[in-house]
Amino acid sequence: MCFNSFFFLFFFMLINFFFFVYFIMNGLSVFFEWEIISFNSMSIVMSILLDWMSLLFMMFVSLISSVVIFYSKSYMNSELNLNRFIILVLMFVFSMVLLIISPNLISILLGWDGLGLISYCLVIYYQNLKSYNAGMLTALSNRIGDVMILMIICWVMNYGSWNYIFYFDFMKNDYVMFIISFMIIIAAMTKSAQIPFSSWLPAAMAAPTPVSALVHSSTLVTAGVYLLIRFNYLLIDMFFFKVLLFLSILTMFMSGISANYEFDLKKIIALSTLSQLGLMMSILSLGFPDIAFFHLLTHAMFKALLFMCAGVIIHMMNDIQDIRYMGGLSLYIPLTSLCLNISNLSLCGIPFLSGFYSKDLILEMVSFNSFNLMVFILFYLSTGLTVFYTFRLIMYVMINDFNLMMIYNLYDEDYIMLNSMFVLLFMSLLSGSFLSWFIFSYPYMIYLPFNLKLMVIYVSILGSILGFMVSNMGIYSLNKLLLSYNLSSFLCLMWFMPNLSTYGLSYIYLNFSQILFKNIDMGWSEIYSGKGIFNILKNYSVFYNIYQMNNFKIYLFSFILWFMILFIFFFI
Amino acid sequence: MNNNSNKMFFLFILFFSTLISISSNSWFGCWIGLEINLLSFIPLISNSKNLLSVETSLKYFLTQSLASINFLFMILIKFSLLKNFNMNNIISIMMNSSLLMKMGSAPFHFWFPNIVEGLSWMNNFMLMTWQKISPMILLSYYFNKNFLIFMIIMNLIIGSLGGLNQTSLRKLLAFSSINNLGWMIFSIMISENLWLFYFLIYSMMIFMMISLFFLMNMYFMNQLFINNMNFFIKLNLLINFLSLGGLPPFMGFMPKWIIINFLLINKFYFLTFIFMMTSLIIIYYYIRIIYSSFMFNYFKMKWVNLLMKNNMSLINLSSFISISSMILSTFIFM
């Protein structure tokens, strides 16, 4: 099952690659449409849009998913129901593909809902309490986005069909489009875990690592960004885009800070995903959709690789994810640490790896166009924070001394996992330049003063020095985190937003519903409709029975009495 | 002595008496039929070896003769006061009252559960079905609508409330019969054809139930809870009880459905409400019996074996009819 799906997806990736090259070189785009039903002036159609953006994204999705399925052959080899897992992953890929190729809101809804549902099934795959809670958080946060898209479908019925791409040029100033843009931004924010809805992404790390590699690094969370890229013509002058800019910058900043306080390996990577998502959303809301798409793709590559390396390390450490137990692994697992280092450095934006092309372009565009001072500061600060937590991670895992645990098995020669990582390593090295040559037919014109140009390097060096200094852990180190406990817990717990969106929302309603249940369901409505009526009827029946058990004479006499009454009543 | 040839003779006269009563063109003929009905039914139910059945037949005789006397008296008053139209109301009420007493309908129903308790199952079957034909048809010749609607409401309520507290199967069927009398009297007011339809289906359902109880010789509710009954017998019991209560898709739902249709088209909303609520109480009581006997482990007697090998065809046929006849009838008639 694993090998079959791996080959199928790899072959699919190759097809997409060839079509992508052909389409982008010739400037083609193909639109298939099949009208399913048409009544009362609305027509439900099934449409497929194949232009270079959807083909490229499909290629990347199928590459990552084929590699992840191959990886999970070895990672989940002790799983009894491996077929079920692979089927879920394949269904996930199918929903993602449906989302990518559809210019039609109904098929977007199908793909969107499918993504939310299947990611719930995958997050609760290990059936323990933490996974259940995480799955519930994931599903309900994604559900808000589903509701938003449903409402958009209702509002778009004003225009006569659900193919939204045809309406952007004509309906930009319409009131309906105003509402639709508001809702689509909220839908994308729930899917891509921006600030009000960002609590599900670190919690969803309770999923198996291949799932995290596929879902939470490159496909599910980028669905929101992709949707906004498609809707970009509509949203570009609107007020909500500026709100989105504000929120995504804050997301970027907050997750960068929180990743510095985390000691769980997968949570650090999840928070770094969140930070890069904030980066993508913010550059999109500044008006550069193609750069956002570029960063989406390169980020998918190295983040999936990073998750897979984390999976190998977790397997080696006997399923422990805490980085304080690891250390000095670069000496023992050279190949895995090669992949880990390259993906980490690509994340930081080290020159000429794939992350450099997209990240550097973003930062230079931000400096070149005149934006807000706060935008500028937060962008560069977040870049520095990225380098900070990356170097901290590398120091803890790779460079510091090995914290001896009781059981460990530093086994690097698992070639199934390594081969899949090498594919992504190759792509992670080359995809930056390859994509920049394809997507941008002419380079952006950027003219910056010298120090501003080198600002990135200054910030990166600063971040790396701080990362090095923070991770010097020794026996006599003073735990500065405990000295400033209030501030540290605020920054570490993601500015208390997970508590707000879980406990804060549900406590009032649960309390109220308990009062209602006790007083009404088990209280008054039992007297007035349940047992109460039964008691009344039973008492009537008992009374009637007493009345029935009489002398026979009384029956006859009552009849005669009746007649007498009738006589008297009518004759007098 | 009460051997089979006696029974055949009196049964023959019983049938003929009803035919006399309903096909006469004078009120006297009706009364004659009623009297012969009474006289031929008494030997059927009295068995001199059993004190209870003697007492029962005496009670039956007393009530029915009282009702017949009243009926005769009202007929005579009607003939003599026919010119005076404002007497029309009271005469019809009186005649209806005596006929209602003949049938065992409320408010003159007190003898009915009593007597039903004292009869055997086959005699009960006669009492509940055949004896109701001639009073109903006579009722349809000359009825007072307002009075009858009031009587219907009383029938329904008493039939449903009285049955809640019973443990004897005969009394239970008696109260159910009183309830169904309410439906039947209303169907008389709609059309005689409909009454005939309701009556035939009701008598078929009663026949299936009574034949089941007769074959198993069950008179009380706790006898239903024997666990080693054959599964098909229990299923048949379930289906027949639900059909008697008027639950779709069984056969007993169809006549009630037509009556409710008529009620709603002609805007008898309050009456519909009473019909519905009392049916609910009746069904509640049936379901209470059924799921105790059908589902729970109640009582297992090892030396009673109720397999009933030689009578299975009747039970299977009756189950099949109860389940499918409503649906099949739509294919035939529509």
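Me: Angles under 35 degrees count as roughly parallel, over 145 as roughly antiparallel, 65 to 115 as roughly perpendicular and the rest as oblique. So how are α1(B) and α7(B) placed relative to each other, roughly parallel or roughly antiparallel?
Reply: This is a predicted model, where local features need pLDDT of at least 70, side-chain atom pairs need 80 or more, and totals for chains, interfaces and linings use all residues. Residues are numbered from 1 along each chain, chains are lettered from A and ligands numbered from 1 in written order, and side-chain values use heavy atoms, without hydrogens or water. Helix α1 (residues 4–22) of chain B meets helix α7 (residues 133–141) of chain B at about 0°, with the axes 9 Å apart (lines fitted to C-alpha atoms over the stretch in contact, angles 0 to 180 degrees between N-to-C directions; helices are DSSP runs of H or I, at least four residues). That angle is why α1(B) and α7(B) come out as roughly parallel.

Me: Which residues of α1(B) make the contact with α7(B)?
Reply: On the α7(B) side it's I133(B), S134(B), I137(B), L138(B) and Y141(B) (contact means heavy atoms within 4.5 Å). The contact residues split into 5 nonpolar, 3 polar and no charged (Ala, Val, Leu, Ile, Met, Phe, Trp, Tyr, Cys and Pro are nonpolar, Asp, Glu, Lys and Arg charged, the others polar). From α1(B) come T18(B), S21(B) and I22(B).

Me: Where is P249(B)?
Reply: The bond from P248(B) to P249(B) is cis, with omega near 0°. Most peptide bonds are trans. P249(B) sits in the loop between α11 (231–245) and α12 (253–265) of chain B.

Me: What phi does W495(A) have?
Reply: W495(A) belongs to the loop between α20 (485–492) and α21 (497–528) of chain A. Though W495(A) isn't a glycine, its phi is positive, about 55°.

Technical notes. Helix = DSSP H or I, 4+ residues; strand = E, 2+ residues; numbered from the N terminus.
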